[in-house]
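Student: I have a model to look over. Can we go through its make-up and its ring contacts?

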Amino acid sequence: ELAQFRRDFSSRLWLTYRSGFPALPGSPRTTDCGWGCTLRSAQMLLGQGLVLHLLGRDPQTLVEAPRIPGGPPNSGEDPKPQRRDPKPLQDPQNPGGLPQSPPPDTPRSAGKRAGDWSGPAIAAHILRGAVESCPETPGLAVYVAQDCTAPGSGTPGSGQRRGVVLLVPVRLGGESLNPVYVECVKELLQLSSCLGIVGGKPRHSLYFLGFQGTDPAGGGSEGSPRGSPTPLCPSKGDSLLYLDPHYCQPCVDPARENFSLQSFHCRFPRKMPFGKMDPSCTFGFYATRTELEELWGDLARVLAPPLAPERYPIFSLLEGLAQDQALDP
């Protein structure tokens, strides 16, 4: 299981700060260092959705991380990169890979300019606008839930599209994370449809893609919420696993033939206690048209489990047809 985890983790797209890309329109900025971390975390979540959408869930189609001796944090031993990255993730104008910059018009449509910091909720709307304007994301719809309410049916575009990315911005407490939500967060992260969480620490965005739990007896770790002693009090050993975009790397030109994939993968997972998680975050889910009913069933089971009716849900499912709502600047 450990080897499988390492392979899966190192296959995830790692999108970080970049420097040296052409100046953004209307701005002299040639780097997103210091302001683009939430966008990079959101891009990693969407990148995972695009991998599932374009390559499917077959473990054999995982994006293989290159292993290059003596390299930066993603280095390994075997210099044999395998180029399984889907083409849209290599396009500088696509929100999935973005080796150079975010699409310049999309942040402005959300009332943002280059250099402005964005929160997880704003980033969700930016991703939606980016996918809608990108011709290389065929058959993919992005829906952003409103007021912590996701449609139980009738997601916009689900009838015409082959896949749907559901983004749910939430706030899990006041100034800090309310521990009552931890069990539900862990159960959501275990769903096969979950793409992860755009979250982090205050003013420090991270992409959460899993967790490590400790059993009540302290006898080891596991990835199951059953490892916590009580539903309301997470174990001190419970930690979120994440990829960190706060690493500035030179711009990569994806137009070049056989450009290096080394800087798009990280081989060493990091973890952070649940207690340090900023309560403002965005959950992401992906389902094909034929998997939507399964997704709604899984969410209903996790958000309102029969054995814990007193649990306050992170967000709610609402039956009926949903209506698209644009984000007002």
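The questions below move from the whole chain to single residues.

Student: What kind of model is this, and how many helices and strands are in the chain?
Tutor: This is a predicted model. The secondary structure counts for the chain are six helices and 12 strands.

Student: What percentage of the 329 residues is buried?
Tutor: Buried means under 20% relative accessible area. Across the 329 residues of the chain, the buried share is 52%.

Student: Among contacts between residues at least 6 apart in sequence, what percentage joins residues at least 24 apart?
Tutor: A contact here needs heavy atoms within 4.5 Å. Take the contacts between residues at least 6 apart in sequence; the share joining residues at least 24 apart is 73%.

Student: Is helix α5 enclosed or open, and which residues are buried in it?
Tutor: Helix α5 spans residues 182–189, and eight of its eight residues are buried, so the rest of the structure largely encloses it. The buried residues are V182, E183, C184, V185, K186, E187, L188 and L189.

Student: How many aromatic pairs are there, and what is the geometry of W14 and Y247?
Tutor: The structure has six aromatic pairs. In the W14 and Y247 pair, the ring centres are 5.7 Å apart and the planes lie at 15°. Planes under 30 degrees apart count as stacked. Therefore the W14–Y247 pair is stacked.

Student: How far apart in sequence are the parts that W14 and Y247 tie together?
Tutor: W14 is in the loop between α1 and β1, while Y247 is in the loop between β8 and β9. The pair therefore ties together parts separated in sequence by 233 residues.

Student: What are the relative accessible areas of W14 and Y247?
Tutor: W14 is buried, at 4%. Y247 is partly exposed, at 31%.

Student: What type of pair do F259 and F264 form?
Tutor: Both residues, F259 and F264, are buried. Their ring centres are 6.4 Å apart and their planes are at 75°. Over 60 degrees counts as edge-to-face. So the F259–F264 pair is edge-to-face.

Student: Which residues do ring pairs link into a cluster?
Tutor: Ring pairs join three phenylalanines. The cluster is F283, F285 and F315.

Student: Over which rings do R18 and R203 lie?
Tutor: R18 has its charged end 4.6 Å from the ring centre of F264. R203 is 4.3 Å from the ring centre it covers, that of W117. The rings are F264 for R18 and W117 for R203.

Conventions
Residues are numbered from 1 along each chain as its sequence is written. This is a predicted model: local features need pLDDT of at least 70, side-chain atom pairs count only at pLDDT 80 or more; totals for chains, interfaces and linings use all residues. Side-chain values use heavy atoms; hydrogens and water are left out. Buried means under 20% relative accessible area, exposed over 50%, partly exposed in between (1.4 Å probe, protein chains only). Helices (H or I, at least four residues) and strands (E, at least two) are DSSP runs, numbered from the N terminus. Rings of Phe, Tyr and Trp (its six-membered ring) pair if their centres lie within 6.5 Å; planes under 30 degrees apart count as stacked, over 60 as edge-to-face and the rest as tilted. A charge sits over a ring if NZ of Lys or CZ of Arg is within 6 Å of the ring centre and within 35 degrees of the ring normal.
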